[in-house]
Amino acid sequence: MPIDPTLPYDETNIFARILRGEIPNKTVYEDEHVLAFHDIAPQAPTHILVIPKGAYVSWDDFSERASEGEIAAFIRAVGRIAREAGLVEPGYRLLANTGVHAGQEVPHLHVHIFAGRPLGPMLAR
Ligand code: AMP
């Protein structure tokens with residue numbers, strides 16, 4: 001079920017549990033503020049999720065409340081992960097679902113990185 005991003009942060013969400021080490025993940029990158037890992041149900045040959053370590057529900061919440069340091073670390077990490085995975089050529093797509101209309105399912109901010117084949121139109125038709 002898509003989540004309501006205006007609700008308070010839910011400490012039991014699956015990415016919070018990954019951050020606490022309660023369930024495994026296939027880590028791609030980690031630093032003080034950021035964790036990136038492979039999506040469990042990939043929708044492209046490369047499908048990586050990048051999350052901040054802080055408790056933020058969505059892009060909306062993060063962009064409003066996160067510190068400059070957290071925001072800089074997150075944005076730089078997304079670019080670095082894509083570069084280090086060799087995705088800049090021939091290209092990649094970023095996606096951050098926010099709220100019900102976007103179909104956000106996990107209520108912890110995550111940016112999807114898709115790559116590895118032509119990705120088609122931006123939105124389903
Ligand atoms: P969204 O619909 O934007 O909220 O995306 C949630 C994503 O999390 C989906 O692509 C899921 O496949 C992915 N996902 C859910 N549980 C896990 C998990 N335990 N490890 C890695 N990815 C997950």
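A backbone N or O atom of Glu 105 lies 2.7 Å from an oxygen atom of the ligand. Keep in mind that this is a predicted model. Asp 39 uses its side chain instead, with a polar atom 2.5 Å from an oxygen of the ligand.

How much of the ligand does the protein bury? Taken alone, the ligand exposes 510 Å², and the protein buries 85% of that. As for location, the ligand sits in the largest pocket.

Now the shell. Which elements give two or more residues to it? They are α1 (14–19), β2 (34–38) and β3 (46–52). The most comes from α1, with three residues.

There are 17 residues around the ligand. Asp 39, Asn 97, Glu 105, His 110 and His 112 come nearest. Sort the shell by class and you get eight nonpolar, seven polar and two charged residues.

Next, the aromatics. Searching the whole structure gives three aromatic pairs. One of them is Phe 15 with Phe 37. How are these two rings arranged? The pair is edge-to-face, with 5.4 Å from centre to centre and 75° between the planes. Phe 15 belongs to helix α1 and Phe 37 to strand β2. They are 22 residues apart, so the pair links distant parts of the chain.

Back to the elements for a moment. Both α1 and β2 are among those that give two or more residues to the ligand shell. The Phe 15–Phe 37 pair joins that helix and that strand.

Notes:
Residues numbered from 1 in each chain as written. Predicted model: local features only at pLDDT ≥ 70, side-chain atom pairs only at ≥ 80, totals over all residues. Heavy atoms only, no water. Near = heavy atom within 4 Å. Polar contact = N/O pair within 3.5 Å; in protein donor to acceptor, adjacent residues only side chain to side chain. Areas by Shrake-Rupley, 256 points an atom, 1.4 Å probe, with all protein chains shown as cover. 1 Å grid on protein atoms, 1.4 Å probe; cavity = no way out; pocket = protein on both sides within 12 Å on 5 of 7 lines; lining within 4 Å. Sits in = over half its atoms within 2 Å of the grid points. Helix = DSSP H or I, 4+ residues; strand = E, 2+ residues; numbered from the N terminus. Nonpolar A, V, L, I, M, F, W, Y, C, P; charged D, E, K, R; others polar. Phe/Tyr/Trp six-rings, centres within 6.5 Å; stacked < 30°, edge-to-face > 60°.
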